[in-house]
Amino acid sequence: MLVKPASAACDMACSYCFYRDLAQGRERGCRPVMDRPVMEAVVLRAFEAVPDGTVAFDFQGGEPTLAGLDFFEAFVAEVERRRGGCRVSYAIQTNGLALDERWCEFLGRNRFLVGVSLDGSRSLHDRLRPAADGGATWSRVAASLGRLRRHGVEPAVLCVLSSELARHPQQVYRGLASLGARHVQFIPCLGPAEGGDGSPRSAEMASHALTPGRFVHFYRGFLDAWERGQAEDGPMAVGLFDDVMGLSLGRRPRTCGALGACAPQFVVESDGSVYPCDFYASDRWCMGNVCSDTIEAMAAGAVVEGFLSRPRRADGDAPCTDCGFEGICHGGCPRLSTAFAADGRCGYREFLEYGYGRLARRARERVGRMPWA
């Protein structure tokens, strides 16, 4: 379950934020912070659906820490009260501004996987991810990475791959390496959903959106820098590279939608409303509410059926029919693929033509070094 306890509220003012637009576009909006009855309903529905197995609670936003540390302490206590024999995992994606010693101790003690959003290098980050008051944030976020590590948490670094960031692959690599980043995920920056409404806000989002040309430029340059830097800087796992290496060995990728097929998530907003994907958290795709509907009923409902049967993309958006990599991609995530496939060009295909062989060799070498090989 992907839980948004503070909805789209955030203490940063990133001009490319897509979720703020989605939340503002809902007819009823959303309450700022999830209250206790909704939180308890989230936990109840999870363990009703999975009485014996594994339940993953992932927290995102907006900025989830704005719900407050007391909320998270109460959430974990409620999970412990109801979990029975279930295994439980926690993850949080945060901008890092609130992560003081108390927060970091809590996250370490409860074994949270932590992803901290940080855009590549100081100059890029401070321009693209200012605080709500306009102030610079790189130093504050970098300090939070250090605090997390002191409490036994090795954070993943999540970079929004905007059009601006994609121009500077070597600079981004050096910035991440300087922070000692060991796990990195690049998230393609998206334009407004369905083309936007023509507003200045939609135009601003569109100006940051990744394009196929920028996609392939970035990943080619980053792959080169990454390969050169592994011996000197130490290992750095990169989400797309790990997926491609796994695919070369016949393994399933970790990234949702990387095989071109959607599986409904359970994205829970602060008012308890549930959506199949946070890219589609709009009124049209509301599956129900945890306060009134079971997971089973929502999963079997007409909204999920419509979500899974919707057209993937218009014909001609990407040159898939003659692509040698179609069998490991199948067009990719229908929303994220708009960042690398458009107007008959596919940046992902161009990158794979450049880097697949190199990554596949690395995957085989890695397996060959395993003790069971």
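Visitor: Which residues does serine 273 touch, not counting residues up to four places away in sequence?

Guide: This is a predicted model, so keep in mind that we are reading a prediction. In this model serine 273 touches Val267, Val268, Cys286, Gly288 and Asn289, leaving aside residues up to four places away in sequence.

Visitor: Where is serine 273 found?

Guide: Look at strand S9, which covers residues 273-275, and you'll find serine 273 there.

Visitor: Does serine 273 count as buried or exposed?

Guide: Buried is the label for anything under 20% relative accessible area. Serine 273 comes out at 1% relative accessibility, so it counts as buried.

Visitor: With which side chains does the side chain of serine 273 make a polar contact?

Guide: Aspartate 271 is one partner, its side chain at 2.7 Å from that of serine 273. The side chain of tyrosine 275 is another, at 3.2 Å.

Visitor: How many bridges join strand S1 to S2?

Guide: There are 2 bridges between strand S1 (residues 2-3) and S2, and the two strands run parallel. To see the pairing, find valine 3, which stands opposite phenylalanine 59 in S2.

Visitor: In what sense do S2 and strand S3 pair?

Guide: S2 pairs with strand S3 (residues 87-94) in the parallel sense, over 6 bridges. Threonine 54 stands opposite arginine 87 in S3. On its way from S2 to S3 the chain passes through H3, and this β-α-β crossover is right-handed.

Visitor: How many bridges join S3 to S4?

Guide: S3 and S4 run parallel and are joined by 4 bridges. Threonine 94 has valine 116 in S4 as its bridge partner. Together with H4, S3 and S4 make a right-handed β-α-β unit.

Visitor: Now the rings. How many aromatic pairs does the structure hold?

Guide: The structure holds 33 aromatic pairs. To read one, check the distance between the ring centres and the angle between the planes; an angle over 60 degrees counts as edge-to-face. Phenylalanine 72 and tryptophan 103 are an edge-to-face pair, 5.3 Å centre to centre with 70° between the planes. This pair links distant parts of the chain: phenylalanine 72 belongs to helix H3 (residues 69-82) and tryptophan 103 to helix H4 (residues 101-109), 31 residues apart. Both phenylalanine 72 and tryptophan 103 are buried.

Phenylalanine 215 and tyrosine 348 form an edge-to-face pair too, with 6.4 Å centre to centre and 85° between the planes.

Visitor: Why does the pair of phenylalanine 215 and tyrosine 348 tie together parts that are 133 residues apart in sequence?

Guide: Phenylalanine 215 lies in helix H9 (residues 212-233) while tyrosine 348 lies in helix H14 (residues 347-368), so the pair ties together parts 133 residues apart in sequence. Phenylalanine 215 and tyrosine 348 are both buried. They also belong to one aromatic cluster, whose members include Tyr173, Phe186, Trp226 and Phe351.

Visitor: Which ring does the charged end of lysine 4 sit over?

Guide: Go to tyrosine 19: the charged end of lysine 4 sits over its ring, 3.9 Å from the ring centre. For arginine 310, the charged end sits over the ring of phenylalanine 307, 4.0 Å from the centre.

Visitor: On to the backbone. Which peptide bond is cis, with omega near 10°?

Guide: Omega describes the peptide bond, and the one from glycine 61 to glycine 62 is cis, with omega near 10°. Glycine 62 is placed in the loop between strand S2 (54-59) and H3.

Visitor: What is phi of arginine 111 near?

Guide: Phi of arginine 111 is near 55°, a positive value in a residue other than glycine. Arginine 111 has its place in the loop between H4 and strand S4 (113-117). Its relative accessibility is 73%, so arginine 111 counts as exposed.

Histidine 330 has a positive phi near 55° as well, and is found in the loop between helix H13 (326-329) and strand S11 (341-342). With a relative accessible area of 37%, histidine 330 is partly exposed.

How values were computed: Residues numbered from 1 in each chain as written. Predicted model: local features only at pLDDT ≥ 70, side-chain atom pairs only at ≥ 80, totals over all residues. Heavy atoms only, no water. Buried < 20%, exposed > 50% of the residue type's maximum accessible area, 1.4 Å probe, protein only. Polar contact = N/O pair within 3.5 Å; in protein donor to acceptor, adjacent residues only side chain to side chain. Contact = heavy atoms within 4.5 Å. Phe/Tyr/Trp six-rings, centres within 6.5 Å; stacked < 30°, edge-to-face > 60°. Lys NZ or Arg CZ within 6 Å of the ring centre and 35° of its normal. Pairing = 2+ DSSP bridges. Right-handed = clockwise from strand over helix to strand, strands pointing away.
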